[in-house]
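Please look through the fold shown here with its charged side chains in mind. The paragraphs that follow begin with individual ion pairs and end with the chain as a whole.

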Amino acid sequence: MMSVFLCSYFLRAANTAFEEKGVQIETPSSRIEIEPRQSITLVFQVSNLTSQSRDFISSFSLPQGWKVLAGERAFSLEPQSSAIRLLSIFVPPNTAAGDYQVEYAVQANDQPPLEDRAKVDIHVLLVPRIAV
């Protein structure tokens, strides 16, 4: 009987912790390799951990010169639900080989505001150039 009570208590405590955070972003790819002059679509799962519907606004941070090809800014989520969000970006041809980072964030303007962010490391490969 005591173990059932403790299990129930810890489950309620875990649910309360998730409820307090309010929103969570997960991504299946934390590191990606790409060549300059290519585009890529990043996948993010956004979860509303609260017991109320929420309206979210997404934002992103890209390396200088990179372009967003597609990605919705505003969306809604029902209570305790998740949705897949896509962010398509283009890596310019003059991008130097090396490591870069893209950050995706969502925020609901509630009181207090709900917010989470996820980062994806992108390694731009060296493309050999042949001089003629």
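The side chains of R31 and D99 meet in a salt bridge, with 3.5 Å from N to O; the term requires a side-chain nitrogen of Lys or Arg within 4 Å of a carboxyl oxygen of Asp or Glu. This pair ties together distant parts of the chain, since R31 lies in strand β2 (residues 31-34) and D99 in strand β8 (residues 98-108), 68 residues apart. R31 counts as partly exposed because its relative accessibility is 49%, and D99 counts as exposed because its value is 56%; buried means under 20% relative accessible area, exposed over 50%, and partly exposed in between, with a 1.4 Å probe and protein chains only.

The model is a predicted one, in which local features need pLDDT of at least 70 and side-chain atom pairs count only at pLDDT 80 or more, while totals for chains, interfaces and linings use all residues. Residues are numbered from 1 along each chain as its sequence is written, and side-chain values use heavy atoms, with hydrogens and water left out.

A further salt bridge joins the side chains of E72 and R85, at 3.9 Å from N to O. Here the partners are 13 residues apart, E72 in the loop between β5 (67-70) and β6 (74-77) and R85 in strand β7 (residues 81-90). E72 counts as exposed because its relative accessibility is 55%, whereas R85, at 12%, counts as buried.

The side chains of R117 and E103 also meet in a salt bridge, at 2.7 Å from N to O. R117 belongs to strand β9 (residues 114-124) and E103 to strand β8, 14 residues apart. With 39% relative accessibility R117 counts as partly exposed, while E103 is buried at 18%. In total, the count comes to five salt bridges.

What elements make up the protein as a whole? There are one helix and nine strands, where helices (H or I, at least four residues) and strands (E, at least two) are DSSP runs numbered from the N terminus. Read from the N terminus, their order is α-β-β-β-β-β-β-β-β-β. Among contacts (heavy atoms within 4.5 Å) between residues at least 6 apart in sequence, 67% join residues at least 24 apart. Buried residues make up 32% of the 132 residues in the protein.
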